[in-house]
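Here is a short walk through one protein structure. Keep the view open as you read.

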Amino acid sequence: MVDQEMKRLVNAGFIEKAQRCRPRLKSSVKAPLRIVAISSKGDTAEIQEKSDGRMLPRYSLGKGESLCLDFGTHYVGYVTLKFNSVGSPQDAPAFLRLKFAEVPGEILDDSGDYHGWISRGWIQEEFIHLDVLPAEVRLPRRYAFRYLEILALDTSKKWKLVVEEAKLSAVSAADPEAVFPFHTQDKLLKDIDRVSVRTLANCMQDVFEDGPKRDRRLWIGDLRLQALANYETFRDYKLVKRCLYLFAGLTRDDGRVGACVFTEPDYIVDDTFFFDYSLFFVPVLYDYYMESGDEDTLKELWPCAKRQIELASQEFGTTHVVREMEANDCFLDWKAGLDKQAGAQAVYIYCVRRGACLARILGCTDEASRLEREAEEKAAAAMKYLWDGTKGMFISGRDRQISYASQVWMVLAEVVKGKEARELLNRLDEEKPEMGMVTPYMNHHYVEALLLCGEEKKALDYIKYYWGGMVEGGADTFWELYNPENREESPYGSRIVNSYCHAWSCTPAFLLRKIEKIF
Ligand code: RAM
């Protein structure tokens with residue numbers, strides 16, 4: 001939901017605390033490793049090695065000629081390019097197009113074909129004129145990429161363009177040396193873990209960003225999963241604390257936590273609100289406390305967590321079933337047509353249970369008991385009104401829609417447990433309802449649901465199938481969207497604006513270590 005009329009509330013003390021946890025970014029200089037040619041092979045991109053990255057100055061580009069540099073893996077950072085000319089004196093400006101690509105397919109995509117609903121400003125493409133060569137160009141934007149294509153749109157008949165040097169200053173708040181390892185002999189799992197950790201590291205910037213290509217901001221749904229992966233890998237508690245204080249310090253005037261916050265030019269909460277995302281402040285705080293033991297933060301931020309539950313509780317009617325939701329009232333997944341009611345009911349129960357635990361930890365026993373009763377009441381209502389006994393599935397909305405999201409969240413909310421939950425997930429697997437899952441975010445929750453009901457083997461196989469599918473598709477970092485059945489899937493109208501290093505996709509680093517502890 002977008003609330004453009006909203007009044008904002010800023011807690012200066014909280015912002016000050018967030019500011020004190022601001023990370024110092026680590027930077028390292030990278031050069032291209034290879035020069036490649038990318039061509040299309042059916043619907044995939046074929047990469048052909050042309051030469052070593054050090055051969056760069058030996059190439060000269062005339063009108064319409066291009067060079068594609070491969071930096072070896074995915075990075076986030078700032079680029080400096082040195083250009084020169086060969087041949088006659090430069091009698092016309094150099095006119096260039098630069099394309100930065102996280103995956104090779106982006107080099108092949110034509111930005112002119114994009115007619116989607118989010119800004120084309122996200123496409124990492126620049127058009128530059130250089131009147132005088134030689135020239136050193138330090139590009140002002142930060143890019144997320146592995147490949148950089150330099151196309152000479154025009155030179156002149158008398159001279160050609162030379163790219164003498166390409167340099168990247170890669171930045172991240174994470175120290176790649178400081179990862180707590182995951183032990184396995186399985187090559188695919190090793191690769192999945194490596195790609196997950198890289199995804200997380202490249203999204204760890206001034207805050208936990210959702211995607212360094214797009215939207216480059218702090219979303220609470222992404223934060224929740226990033227924080228979990230971070231606790232198992234980099235253990236950067238300070239960065240999570242910073243993000244918690246930002247969400248709590250920048251709310252709507254009724255205390256509601258926004259779906260995302262911007263940190264530039266000033267800290268400001270967005271006017272987008274999702275039922276599930278506001279509630280996720282509770283489990284993010286819960287997980288943070290469980291991992292860090294930071295009682296001061298828990299005490300200070302508990303009122304904000306409690307307030308999210310209070311506000312969400314107003315969305316329930318006398319039957320204790322949450323109201324029917326419009327598509328953008330609650331997120332859950334990008335699956336088009338997904339009915340959100342059952343998922344929202346389950347997310348509420350999931351969050352209230354964690355709220356009850358926090359209240360108990362803080363010694364607020366009356367509040368804890370009240371929240372425990374609240375969770376049970378809503379769980380009972382889910383069984384009464386949202387469970388279809390004949391089909392053995394939870395239904396959602398007036399059309400009684402059956403989706404993966406509803407079943408998975410009801411399991412995570414422990415509305416069904418143990419054997420019943422296992423049977424439900426088995427049925428889901430057999431019947432494969434059409435209302436499937438399209439984001440690694442939703443697929444993460446599916447794996448968590450399997451783990452919660454003791455299906456470690458299935459969880460592991462699914463990680464190999466799903467995230468392994470991206471690794472086999474050449475991923476250096478995990479993608480925002482991945483539907484094995486439709487690789488072109490995009491909620492935005494074209495995959496050209498999809499992000500290919502996306503926070504909510506980094507969770508195998510967490511899931512695999514969790515499974516490792518069980519075995
Ligand atoms: C997209 C981003 C972000 C997500 C929101 C709901 O814009 O991918 O990660 O949290 O949607």
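The expected span of a helix is 1.5 Å times one less than its number of residues. Keep that rule in mind for the first stop. The model is predicted.

Start at helix α12, which runs over residues 418–431. This helix has 14 residues. From its first C-alpha to its last, α12 reaches 20 Å. That is close to the 20 Å expected at 1.5 Å a residue.

Now look at which way α12 faces. Its buried residues are Ala421, Leu424, Leu425 and Leu428. They cover an arc of only 95 degrees around the axis, so they sit on the same side of α12. The face turned away from that buried side carries the exposed residues Lys419 and Glu430.

What covers the buried residues of α12? The cover includes two strands, β16 (387–388) and β17 (393–394). It also includes two helices, α11 (404–412) and α13 (440–452).

Follow the chain past the end of the helix. Just after α12 comes Lys432, which takes a positive phi of about 35 degrees.

The second stop is Ser505. This residue is found in the loop between α14 (456–472) and α15 (508–518). Is Ser505 buried or exposed? Its relative accessible area is 0%, so Ser505 is buried.

Next, see what surrounds this serine. Leaving aside neighbours within four places in sequence, Ser505 is in contact with Pro440, Trp467, Phe478, Trp479 and Glu480.

How values were computed: Residues numbered from 1 in each chain as written. Predicted model: local features only at pLDDT ≥ 70, side-chain atom pairs only at ≥ 80, totals over all residues. Heavy atoms only, no water. Helix = DSSP H or I, 4+ residues; strand = E, 2+ residues; numbered from the N terminus. Buried < 20%, exposed > 50% of the residue type's maximum accessible area, 1.4 Å probe, protein only. Contact = heavy atoms within 4.5 Å. Arc of directions from axis to C-beta.
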